[in-house]
Structure formats: structure tokens, C-alpha cells
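Open the model in your viewer and keep the sequence panel in view. The tour below goes from one selection to the next.

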Amino acid sequence: MTNEDMLTALLSQARAEGAELVTLRAIAEEAGELGAARALARIGLSDEAASGDIDELRELLQAWRDAKASAWKAAIEWLVRGVFAALLVGIAVRLGVAELVR
């Protein structure tokens, strides 16, 4: 019996019995499973290779996060270096080091 058949049977049973709480819970569970299966099928993750695909997506996402963090770190390092270089140039100009070099 497929999930759709099970859901149909449970709905018929609920209609006939006046919808007992246990029946309604079973309907909700089957509907959730059916919805999840449909969603996975729509995005192409319902086959046997889906777990491998998910693993690859997780690895790709982690690599993106690592690259983004590395890029931010490098940008901040260059910014700090630029600030220090400007500070050193400013100190040199104040002390008149440029005139001493001539």
C-alpha cells in the first residue's frame, strides 16, 4: 500500500468513525510523510543517490563558508596593513625624514 492509498484509507476511516484522535494523528503522520516525499521528489532528491548529493551539498556549503571567512580575514589584514603604512608615512612626514633623505 502506497502512502497515497494509506492516506485515502485513513480519511475514509475518519469520515466513517467520526474522526477519532488516533485516526487523526495517523492521518497527520501519513500526510506529513507524503508531503515530504513529494517535496524531495520535486527537488530531485528522491532517488538512491540522494544521500550522496546531500553530502556533496554540505561539503560545498562548508567550503563556501570557509572561503568567505578566509576572504574577510585577508581583507581585514590588508586594511590593517594599509592603516599602519599610512601611519608610518605620516610619522615620517612629521619627523621630516623625507628632507633627511635628500
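Does Thr2 count as buried, exposed or partly exposed, and at what relative accessibility? Select Thr2: at 45% relative accessibility, Thr2 counts as partly exposed, where buried means under 20% relative accessible area, exposed over 50%, and partly exposed in between (1.4 Å probe, protein chains only). Thr2 lies in the segment before H1.

Some ground rules apply to every stop. This is a predicted model, in which local features need pLDDT of at least 70 and side-chain atom pairs count only at pLDDT 80 or more, while totals for chains, interfaces and linings use all residues. Residues are numbered from 1 along each chain as its sequence is written, and side-chain values use heavy atoms, with hydrogens and water left out.

**Whole chain**

Show the cartoon. The protein has 4 helices and 0 strands, and its elements run α-α-α-α from the N terminus on. Helices (H or I, at least four residues) and strands (E, at least two) are DSSP runs, numbered from the N terminus. The radius of gyration is 32 Å, well over the 13 Å that the globule rule gives for 102 residues, so the protein is more spread out than a compact globule. That radius is taken over C-alpha atoms, and the rule is 2.2 Å times the number of residues to the power 0.38. Along the principal axes, the C-alpha trace spans about 100 × 30 × 15 Å.

Switch to the surface. The protein exposes about 8600 Å², of which carbon and sulfur atoms supply 63%; accessible areas come from the Shrake-Rupley method with a 1.4 Å probe, and for residues only the protein chains shown count as cover. Of the 102 residues, 10% count as buried.

**The nonpolar core**

Select Leu7, Leu10, Ala14, Ile27 and Leu34, the 5 residues of the largest nonpolar core. Helix H1 (3–17) and helix H2 (21–42) are the elements that give two or more residues to this core, and H1 supplies the largest share, 3 residues. A nonpolar core here is a set of buried Ala, Val, Leu, Ile, Met, Phe, Trp, Tyr and Cys residues joined through side-chain atoms within 4.5 Å.

Now centre on Leu7. Leaving aside neighbours within four places in sequence, Leu7 is in contact (heavy atoms within 4.5 Å) with Ile27, Glu30, Ala31 and Leu34.

**Two more stops**

Go to Ala16 in helix H1. Ala16 counts as exposed, at 69% relative accessibility. Draw a C-alpha distance from Ala16 to Gly52: the two are 44 Å apart in space and 36 residues apart in sequence.

Finish at Glu33, in helix H2. Glu33 is partly exposed, with a relative accessible area of 37%.
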